[in-house]
Amino acid sequence: MVTRHILAFILLVISSVYAKGADWGRYWISSESNINNQIWFRRTYLIPERVKNASIEICSNAKFELFINGRNVSNDVLIPYNNHGKDSVLEMRYDVGRFFQNNNDTATIAVWYSPDFRINNNRELSAQIFGTLRNGKSFEFHSDSTWLWHDANAKIFADQRECIDGNDYMKEWNLNNCDISRWYFCTPVIDKTPLITAFYPLWNDYSFYVKKIHYPISITESNDTITYNFGAEYSGMIRLTMRGMNKGDSINADGLTYICRGVDDEQAFRRFTVSRARFVNVSGSNITAEKIVKSEFLEVGKHQTR
């Protein structure tokens, strides 16, 4: 009898999760961008009173970074790491009350989104922000046609290469004072095709965090190529800090192409992909070992959190 009750409970939990396949309670939006473009989404809300508590539920068919008033909600470097197939998406929930500090707060919700080429649907993003004000009243906002999108300064390709143009970065894209005159309204997605919504961390899904930073044990330079030896093979991403580059100079490093801004101490690193390497070759126009003032390999690990 006990076993039967336990089995019934497990089936109830599973059925409640899979019921989300009909997208009940989801507010899907999409852009009209090119398939390779990473995208910035944003929406600014006026919070009329001081916030007592707040949460956000965000669901996406790809990887993303979530910001509130310019602050990254998570310390992880890749969210989510999704093992599921083409007909599944991942929902994550965060306690974000600490990001609302003032009375009459203006809250800018912003998402940096990177396409996943395994996914066959255009339901790019769903977000719902809800909570309680100090006066006891509840509030709720969600993604809809009033959200805005803009191409980010980066592209991603099916082979996991990334191309980032430092000159096209919009410094205030995730802040309230961003110039939105050239942004576009999002398109609500009405699609009744069932999707499996996996709730983090109920399923075996992980985010990536920086496990350790490694520095090269040797550097060799030959013609227009600099080779960094990090001593062992690690999974993660290289991060280069450069000085003295010209605007428009292009460098290639382990699947990353970066176009320089020509300012002191600019950094080049992948945002949404990882590689596995011991030796990393860096090449490009006007590049020398002296102009790379710091080279680091960010080893990442996977973990279940929250």
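This is a chat about a predicted model and some of its local features.

Visitor: Hi! What kind of model is this, and how are its residues numbered?
Guide: Welcome! It is a predicted model, where local features need pLDDT of at least 70 and side-chain atom pairs count only at pLDDT 80 or more, while totals for chains, interfaces and linings use all residues. Residues are numbered from 1 along each chain as its sequence is written, and side-chain values use heavy atoms, with hydrogens and water left out.

Visitor: Let's start with pockets. What volume does the largest pocket have?
Guide: Its volume is about 520 Å³. A pocket here is an open set of points on a 1 Å grid over the protein atoms alone, where a 1.4 Å probe fits, with protein on both sides within 12 Å along at least five of seven lines. Grid points are joined across faces, edges and corners, and the volume is the space filled by probe spheres set on the points.

Visitor: How many residues line the largest pocket, and which lie nearest its centre?
Guide: The lining has 24 residues, and Trp112, Tyr169, Gln267, Phe269 and Arg271 lie nearest the centre. Lining residues are those with an atom within 4 Å of a point.

Visitor: Which elements give two or more residues to that lining?
Guide: They are strand 4 (63-68), strand 18 (225-242) and strand 21 (266-269). Strand 21 gives the most, with 3 residues. Strands are DSSP runs of E with at least two residues, helices are runs of H or I with at least four, and both are numbered from the N terminus.

Visitor: And what is the lining like by class?
Guide: There are 10 nonpolar, 6 polar and 8 charged residues. Ala, Val, Leu, Ile, Met, Phe, Trp, Tyr, Cys and Pro count as nonpolar, Asp, Glu, Lys and Arg as charged, and the others, Gly among them, as polar.

Visitor: New topic: how many salt bridges are there?
Guide: The count comes to 7 salt bridges, each being a side-chain nitrogen of Lys or Arg within 4 Å of a carboxyl oxygen of Asp or Glu.

Visitor: Why would side chains pair like that?
Guide: Side chains of opposite charge can pair when their charged atoms come close.

Visitor: Which residues are linked in a network of salt bridges?
Guide: Arg26, Glu57 and Arg93 are. Arginine 26 pairs with glutamate 57, with the closest N and O atoms 3.5 Å apart. That pair links distant parts of the chain, 31 residues apart: arginine 26 sits in the loop between helix 1 (2-19) and strand 1 (28-30), and glutamate 57 in strand 3 (residues 51-60). Glutamate 57 also forms a salt bridge with arginine 93, the closest N and O atoms being 3.4 Å apart. Here strand 3 is linked with strand 7 (residues 88-95), where arginine 93 lies, 36 residues from glutamate 57.

Visitor: Which glutamate does arginine 276 pair with?
Guide: Glutamate 233, at 2.8 Å from N to O. Arginine 276 is exposed at 52%, and glutamate 233 is partly exposed at 46%.

Visitor: Switching to backbone angles: what phi does asparagine 223 have?
Guide: A positive one, about 55 degrees, although asparagine 223 is not a glycine. Most residues other than glycine have a negative phi. Asparagine 223 is in the loop between strand 17 (218-222) and strand 18, and it is exposed at 77%.

Visitor: And what about the phi of aspartate 254?
Guide: Aspartate 254 also has a positive phi of about 55 degrees. Its place is the loop between strand 19 (250-253) and strand 20 (256-259), and at 23% it counts as partly exposed.

Visitor: Last one: which residues form a nonpolar patch on the surface?
Guide: Val210, Ile213 and Tyr215 do, with about 240 Å² of accessible area together. Areas come from the Shrake-Rupley method with a 1.4 Å probe, and for residues only the protein chains shown count as cover. Patch residues have over 30% relative accessible area and no salt bridge; nonpolar side chains (Val, Leu, Ile, Met, Phe, Trp, Tyr) are joined within 5 Å, and like charges within 9 Å. Valine 210 is found in strand 16 (residues 206-214) and is partly exposed at 35%.

Terms used
Buried < 20%, exposed > 50% of the residue type's maximum accessible area, 1.4 Å probe, protein only.
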